[in-house]
Amino acid sequence: SWLPGWEFLFRYFLLRRLDVLHHRAWLVIPLLEGLYHLQKHPLEALGMALFSLAATSWARRRQNFLLPLIAHGVIELSL
């Protein structure tokens with residue numbers, strides 16, 4: 001599964017780099033994930049963008065992407 005790599009790329013690597021640029025630059029991540037999910041049903045895309053906003057915010061504050069990784073995994077398994 002590409003899920004661990006996705007979470008690492010977005011909520012660790014990219015988040016750390018964006019945080020150095022500007023304190024609001026992390027908002028790019030939910031935007032990118034929302035755009036990526038536009039190929040799916042509109043409600044799923046909206047839900048993923050909202051989930052990404054919450055997960056990225058949590059990972060940024062806690063400096064840990066384990067909970068977003070687990071939550072994303074649960075979502076993937078339920079779909």
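A salt bridge here is a side-chain nitrogen of Lys or Arg within 4 Å of a carboxyl oxygen of Asp or Glu. With that in hand, I looked up the network first: Glu 7, Arg 11 and Glu 33 are linked in a network of salt bridges.

**Ground rules**

I noted that this is a predicted model, where local features need pLDDT of at least 70 and side-chain atom pairs count only at pLDDT 80 or more, while totals for chains, interfaces and linings use all residues. Residues are numbered from 1 along each chain as its sequence is written, and side-chain values use heavy atoms, with hydrogens and water left out.

**Entry: salt bridges**

How many salt bridges are there by this rule? I found a count of four.

I looked at Arg 11 and Glu 33, whose side chains meet in a salt bridge at 3.1 Å, N to O. This pair links distant parts of the chain, with Arg 11 in helix α1 and Glu 33 in helix α2, 22 residues apart. Helices are DSSP runs (H or I, at least four residues), numbered from the N terminus. Are Arg 11 and Glu 33 buried or exposed? I found both Arg 11 and Glu 33 buried. Buried means under 20% relative accessible area, exposed means over 50%, and partly exposed is in between (1.4 Å probe, protein chains only).

Next I checked Asp 19 and Arg 60, which form a salt bridge with their closest N and O atoms 2.8 Å apart. Asp 19 lies in helix α1 and Arg 60 in helix α3, so the pair ties together parts that are 41 residues apart in sequence. Asp 19 counts as partly exposed at 27% relative accessibility, and Arg 60 is partly exposed with a relative accessible area of 25%.

I also found Glu 44 and Lys 40, with side chains meeting in a salt bridge at 3.7 Å, N to O. Glu 44 is partly exposed at 32% relative accessibility, and Lys 40 is partly exposed at 36%.

**Entry: aromatic rings**

I used this rule: rings of Phe, Tyr and Trp (its six-membered ring) pair if their centres lie within 6.5 Å, and planes under 30 degrees apart count as stacked, over 60 as edge-to-face and the rest as tilted. The structure holds six aromatic pairs.

One of them is Trp 6 with Tyr 36, a tilted pair at 5.0 Å centre to centre, with 45° between the planes. That pair links distant parts of the chain: Trp 6 is in helix α1 (residues 3-21) and Tyr 36 in helix α2 (residues 28-36), 30 residues apart. Trp 6 is buried, with a relative accessible area of 14%, whereas Tyr 36 is partly exposed at 37%.

I then turned to Phe 8 and Phe 65, whose ring centres are 6.1 Å apart with planes at 65°, so the pair is edge-to-face. Phe 8 lies in helix α1 and Phe 65 in the loop between α3 and α4 (66-78), so this pair ties together parts that are 57 residues apart in sequence. Phe 8 is partly exposed, with a relative accessible area of 40%.

Which residues do ring pairs link into a cluster? I wrote down Trp 2, Trp 6, Phe 10 and Tyr 36.

**Entry: the buried side of α2**

I listed the buried residues of α2: Ile 29, Pro 30, Glu 33 and Gly 34. They cover an arc of only 130° around the axis, which puts them on the same side of α2. The arc is that of the directions from the helix axis to the C-beta atoms.

**Entry: Leu 18**

Leu 18 is found in helix α1 and is buried, with a relative accessible area of 10%. Leaving out residues up to four places away in sequence, I found Leu 18 touching Ala 25, Trp 26, Val 28 and Ile 29. The C-alpha atoms of Leu 18 and Val 28 are separated by 8.3 Å, and these residues are ten apart along the chain.

**Entry: Gln 63**

Gln 63 has a positive phi of about 55° although it is not a glycine. Most residues other than glycine have a negative phi. Gln 63 lies in the loop between α3 and α4 and counts as exposed at 63% relative accessibility.

Terms used
Helix = DSSP H or I, 4+ residues; strand = E, 2+ residues; numbered from the N terminus. Contact = heavy atoms within 4.5 Å.
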